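Visitor: Can you walk me through this one? I'd like to start with confidence and then get to the fold.

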Amino acid sequence: MELIFSLIVNGLMLGSLYAMVSVGLTLIFGITKVINFAHGEFMMIGMMLTYIITTYLGIHPYLTLVFIVPLLFVLGILVQKYLIEPLRNSDEHVQIFATVGLSIAMINLVLMIAGSDNFNTPSSGMRHTLDLGLATVLTGQVVIMLCSIFMVGGLHLFLTRTQMGRAIRATAQNRNAAQLMGINVSRINMVTFGIGIACVGIAAVLLSPLYPVNAQTGQSFVLIAFVIVVMGGLGSITGAFFAALIIGLVDSFTGFYLGSSLKGVAVFGIFLMILIFRPSGLFGKARKLAHVS
Amino acid sequence: MNDKTISSTPARNHGGGMRWLFNKKILFFATLASLIIIPIGVGDDYIYHIFITICLFAGLSTAWNIVGGYAGQLSLGHAIYYGIGAYTGMLMLNSGVSPWISMFVGAILAAGVAVAISYPCFKLHGPFYALASIAFLEVFHVISLNWVGLTGGANGVMVPLEMGWSTMIFTERLPSLVIVFGLMSFSLAVAWVIRRSKLGFQLIATRERESAARGAAIRTVHVRLYAAAISAGLTAMLGTFHGSYLTYIEPESAFNLTFSIQIVLFALVGGLGTVFGPLYGTILLVPITELARGWLGSSAIGLHGFVYGVVLILVVLFMPDGIMSLIQRYLPSSRVRRLDASVENSVDHVPLDDINKPTRPPIGEVVLKVEHLDKHFGGLHVTNDLSFDLHKGEVLGIIGPNGAGKTTVFNMISGFLRADSGSVAVLGEDGHFISPKTPGAFARSGVGRTFQIVQPFAAMTVEENIMVGAFYRFRSVEECRKAAREIASELGLNRFLDEEARNLPIGGLKRLEVARVMAMRPRILLLDEVMAGINPADLREAIELIKVIRNSGISIIAIEHVMQAVMELSDRVIVISSGEILAQGKPEEVVKNEAVIEAYLGKEASDASNE
Amino acid sequence: MKYNHKFRRTVISSVVATALLGGVSASAFAEVKFGALYPLSGGLALLGEESYRGLELAVEQINANGGVQGETVVLEIGDAVDNNQAIGEARRLISREDVKAIFGTFASSRSIAASQVAEMSKVPYFELGAVADDVTERGLSYVFRTNPTAYHMAETIIDMLVDGIAPELGVDPTELRIGIIHEDSNYGSSVAKHQRAFAEEKGLNIVMEEHYPASSVDMSSIVLSLQDKDVDVVLQTSYQDDSVLFLRQANERDYRPKAIIGGGGGYSMTPTAEAVGHDVIDGVYDADFTQYNINPEFAPGIEDFVASYEEKYNESPRSGHSLINYTGALGLLRAIDAGSGFSADEIKEAVLAMDVPVGETAAGIGLKIGENNQNERASMMGMQWQDGELVTVYPEEASVADMRTSQ
């Protein structure tokens with residue numbers, strides 16, 4: 001019983017971490033229809049910056065949010081404006097390769113500057129163990145869990161309650177109609193991309209006290225994030241959240257019962273099943289989508 | 001749209017007197033020859049290695065391009081097939097079987113795997129197909145790590161260093177180069193043949209417009225599976241070679257995502273979907289990386305990866321069609337096909353005098369029976385118990401306000417949409433009524449359709465577009481070409497034969513749409529608003545054109561908003577409103593029907609007079 | 001992090017300077033070229049470069065003492081980013097640079113690929129740091145290895161457990177419940193394979209064996225499995241990220257086995273200790289190439305090595321890779337110096353005559369090429385983290401401290 005409880009708690013903690021990483025990706029996908037293969041690298045950059053700012057200023061890693069979120073927001077806007085937007089009418093291959101190219105360039109740029117070393121942001125109390133009776137968690141994990149809920153809730157409110165949010169949703173549903181209604185679609189896309197990257201910036205800051213970062217770190221998370229985005233139903237933020245929790249649990253349970261070596265097969269197996277049999281995602285309505293014929 | 005044609009025309013004239021020298025064909029064969037001659041000339045092992053690497057990647061990229069470029073399925077998992085080939089070769093060599101044999105075993109295995117994993121994935125497009133292919137690659141990687149009994153797990157497989165042609169392991173480098181050059185040339189030849197074959201046209205048509213391709217009786221899933229199998233087979237053969245060349249493989253390098261991306265990168269830089277683009281892309285990029293390594297030393301960690309990333313971004317931003325687009329622009333092809341300069345002025349005019357006008361045969365028996373069609377979209381009742389017949393040689397006009405369900409009816413009587421209930425029966429050539437289910441089946445039973453929103457295969461020439469329609473009637477490409485030319489001349493399109501469809505003006509596209517359907521020699525023709533958006537002069541010609549088609553004995557159903565055309569062409573008119581038949585009869589009677597005027601004509605008649 | 005960009009520049013410039021000096025001296029003195037093939041870019045670059053430094057220092061020392069057979073040694077560097085590249089660079093070194101032998105390679109898969117080329121071209125290939133069995137078990141006649149291997153690592157770990165740790169704990173080793181976990185590449189699986197064999201030989205009780213991708217972001221399910229199966233002794237063979245992850249998560253889940261014995265990789269590195277915290281890593285055992293807290297009488301020359309390392313690179317050695325490469329390279333170069341000529345067979349003959357007893361090199365290992373051209377006097381050292389230092393505790397003659405158990 002204790003074991004099962006531990007597995008569940010571990011799975012949920014891991015799941016909310018995945019949720020943090022995936023929310024931005026799913027937002028970007030839902031609105032701009034671009035799969036951002038460089039998403040993990042934005043997170044890696046965020047973690048690197050957290051490390052640098054924390055060590056130079058000697059402040060608590062969470063305080064770096066003040067710098068990193070705006071910085072990544074602007075970075076996202078620039079990438080959308082100068083890389084993605086010019087390709088809006090191009091072939092899908094070309095869009096994919098724009099972000100793949102960006103990802104390769106970012107990884108190697110960091111390799112050139114920082115080498116392949118690991119950088120450890122001070123844990124600043126975030127690795128403190130909390131005893132839940134049947135299982136233990138880290139303070140940092142609890143923070144991540146709470147923040148992922150806030151982030152999902154916040155984005156949901158933003159998209160449903162604000163003028164900008166409505167404009168973003170309108171664009172997602174019908175680009176042309178939105179344009180006719182006087183919505184500046186390319187501006188919406190920039191803002192969306194900025195918000196998506198800012199979200200992964202928050203994830204980066206919260207992850208930093210728990211994980212070392214190196215040039216390849218983004219790669220460890222991004223494939224899982226894709227799985228979650230597709231599973232949650234494309235562009236659905238709450239869907240992605242629950243999908244992330246499910247993947248976290250799958251990860252935890254298969255890791256224990258099947259062995260860590262087969263975890264990958266389980267996760268990607270589920271992913272393929274969903275792509276093939278329920279392409280609208282686990283929670284999406286079985287409607288006709290742009291990506292299936 | 002037309003600008004492109006005009007601007008590219010003078011550029012193509014550049015060759016001038018030197019044309020024979022800077023000819024695409026000559027460039028190609030010179031390039032190919034240099035891949036062998038340079039290393040032999042230099043005689044250096046390292047240069048050999050670079051050229052072997054070039055040939056390997058050029059071959060892999062070319063093979064990838066068959067499925068990634070022609071069929072438009074962006075696979076990032078091609079290392080699967082490479083790995084299968086490499087492992088098959090190594091394992092069989094260890095049990096005494098020469099790579100010359102295992103190469104084919106590996107190819108067949110890889111082709112089988114490709115079919116098995118592509119079949120469920122082909123309904124995915126663009127990024128989703130790419131993600132699925134990555135997921136499959138991960139799965140194969142894990143399998144190769146865990147199936148220790150077969151693959152040796154993480155330790156990989158190696159072969160004893162027994163030199164010779166039978167093991168494909170050599171001390172000197174020339175034999176390896178010759179083999180990989182041969183394999184690359186074979187890949188290129190296969191890619192070239194496919195591009196010129198029926199399969200190639202069908203693949204590109206499918207990539208460009210899947211629905212239109214299905215309408216033209218192309219088995220879109222089948223052709224893509226053929227492409228995937230061929231591509232995987234070629235990739236595996238190169239994998240077998242590379243296994244022998246490395247004499248050692250392990251899961252890490254065999255089922256590697258970076259390796260897969262590299263393969264695609266060369267094809268993208270060279271030019272997606274072109275026959276020779278991957279070759280030129282590889283020839284450009286591999287030496288650049290090698291030189292960068294030499295100049296900048298080995299100490300600059302990440303530099304060459306950074307260069308790759310930046311090159312990739314620059315290429316997609318500024319040269320999305322790759323190197324081949326430059327070659328196309330500045331080098332003339334050996335077969336000079338060009339537009340007459342005068343044509344651009346008279347783009348839309350069909351020389352009516354060219355068209356012979358047979359006399360109209362009498363209206364005959366029923367050829368299409370539509371009975372009690374019902375269709376719901378969610379809560380919306382789109383068609384409600386709709387029934388009508390079509391007679392041989394008849395022109396049936398369908399009119400109705402926007403959203404009345406006209407196009408839905410078309411979709412149901414051409415197989416693109418399945419009705420909730422009711423039936424559609426087509427008179428077969430043997431005199432029996434049949435009920436086809438899929439677009440392909442409808443097409444084969446003699447029903448051809450156009451699309452309201454024109455669906456040309458944009459990257460194909462006009463001639464090729466029409467040929468796609470002819471494919472299901474003829475076996476050989478040449479017969480199709482001949483048929484396409486005949487139809488083009490019937491429809492006044494023969495001047496544009498070599499122009500890419502995307503460069504045609506809207507009137508031309510509409511006509512192309514009809515031409516493609518006519519190439520299928522349908523007995524029943526469904527025309528979806530072919531008159532919309534064309535100017536009055538062309539309208540006249542279009543009406544005459546349809547008369548010609550009608551006079552040749554083809555039955556026609558036309559959805560049309562242009563009243564002039566409806567009135568003049570239709571033998572009978574059906575008015576659909578809210579999914580039901582509001583009225584039917586002779587055009588002049590329907591026009592006088594008060595319900596119709598109220599529901600529809602009041603508005604539409606004034607529209608028509610404005611046109 | 002001690003290792004930073006500024007530092008890298010210094011390395012680059014010193015490499016360039018060495019190359020230039022080599023170029024200048026070419027006109028004045030006779031020189032002999034050897035290849036240095038390491039992964040110097042990509043994911044393996046950090047330890048690849050650390051390994052290269054050992055070779056570089058050995059070459060400098062040899063040159064300062066008159067070179068090899070009177071000729072100055074010049075190193076031509078090759079970058080083995082991936083297997084195909086390793087082959088390409090090996091070819092370049094052999095055919096363009098005309099090197100007389102190649103030294104390398106740190107990463108086993110690169111070594112296996114590149115040494116096949118050397119073998120076919122009949123150029124001696126000296127492996128100084130790769131641990132996979134297959135490097136020397138292919139029956140090649142020009143591929144030699146001086147460093148201890150996965151076999152030795154497993155041997156040291158099991159011996160240390162049976163002869164040292166178990167008596168220290170006061171238990172019969174066969175009563176201990178042993179769990180083997182390892183990263184899933186060539187490295188981890190080779191070591192694990194031998195651990196299993198040695199453990200079975202000694203009648204030990206392995207209750208769990210599991211592998212995982214080195215890029216894992218969560219190992220809590222492994223920790224739970226270990227807890228669930230009541231594992232007393234964990235043997236982990238890992239790189240840095242996964243060592244850190246495992247030690248942290250084990251500690252945070254309050255999993256306290258009687259002993260954790262790491263196999264090389266992350267366990268020997270100071271950044272790992274810093275990342276998980278010294279209080280957590282204290283008491284953890286490790287088997288690896290010789291590290292720096294070793295009895296200097298057992299490893300004569302190690303102090304000079306560290307001194308010249310620090311002088312040249314302005315920092316302490318980052319791992320034992322430089323030392324083991326240095327030791328092997330120095331022994332080989334001396335042996336070649338004692339030989340006659342630089343043809344493949346002359347070098348081979350000279351190297352086969354090499355005979356250095358255990359305890360007379362800077363790494364403490366002996367040097368004698370034996371079966372399969374593997375150094376038969378190689379061994380790994382057993383170490384333990386004590387008070388923030390990685391100290392040698394096994395074997396007895398090399399140790400500088402006693403083992404400590406928490407019980």
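**Confidence and fold**

Guide: This is a predicted model. Chain C has an average pLDDT of 86, and 92% of its residues score at least 70.

Visitor: Where in chain C is confidence lowest, and where highest?

Guide: The lowest is helix 1 of chain C, residues 5–28, with a mean of 42. The highest is strand 4 of chain C, residues 125–127, at 95.

Visitor: And over which residues of chain C does pLDDT stay under 50?

Guide: Residues 1–28 of chain C. For that stretch the model has 23 contacts beyond four places in sequence.

Visitor: What ipTM and pTM does the predictor give the complex?

Guide: An ipTM of 0.87 and a pTM of 0.82.

Visitor: Fold next. How many helices and strands in chain C?

Guide: Chain C has 13 helices and 12 strands. Its radius of gyration is 21 Å, close to the 22 Å from the globule rule for 407 residues, so chain C is as compact as a globular protein of that length. The C-alpha trace of chain C spans about 65 × 45 × 40 Å along its principal axes.

Visitor: What share of chain C is buried?

Guide: 63% of its 407 residues count as buried. Of the chain C contacts with a separation of 6 or more, 69% are between residues 24 or more positions apart.

Visitor: Switching to chain B. What are the counts of helices and strands there?

Guide: Chain B has 25 helices and 12 strands. Buried residues are 56% of its 611. Among chain B contacts between residues at least 6 apart in sequence, 74% join residues at least 24 apart.

Terms used: Residues numbered from 1 in each chain as written. Chains lettered and ligands numbered in written order. Predicted model: local features only at pLDDT ≥ 70, side-chain atom pairs only at ≥ 80, totals over all residues. pLDDT = per-residue confidence, 0-100. Helix = DSSP H or I, 4+ residues; strand = E, 2+ residues; numbered from the N terminus. Contact = placed C-beta atoms within 7 Å. Rg over C-alpha atoms; globule rule 2.2 N^0.38 Å. Buried ≥ 20, exposed ≤ 12 C-beta atoms within 10 Å, placed from the backbone.
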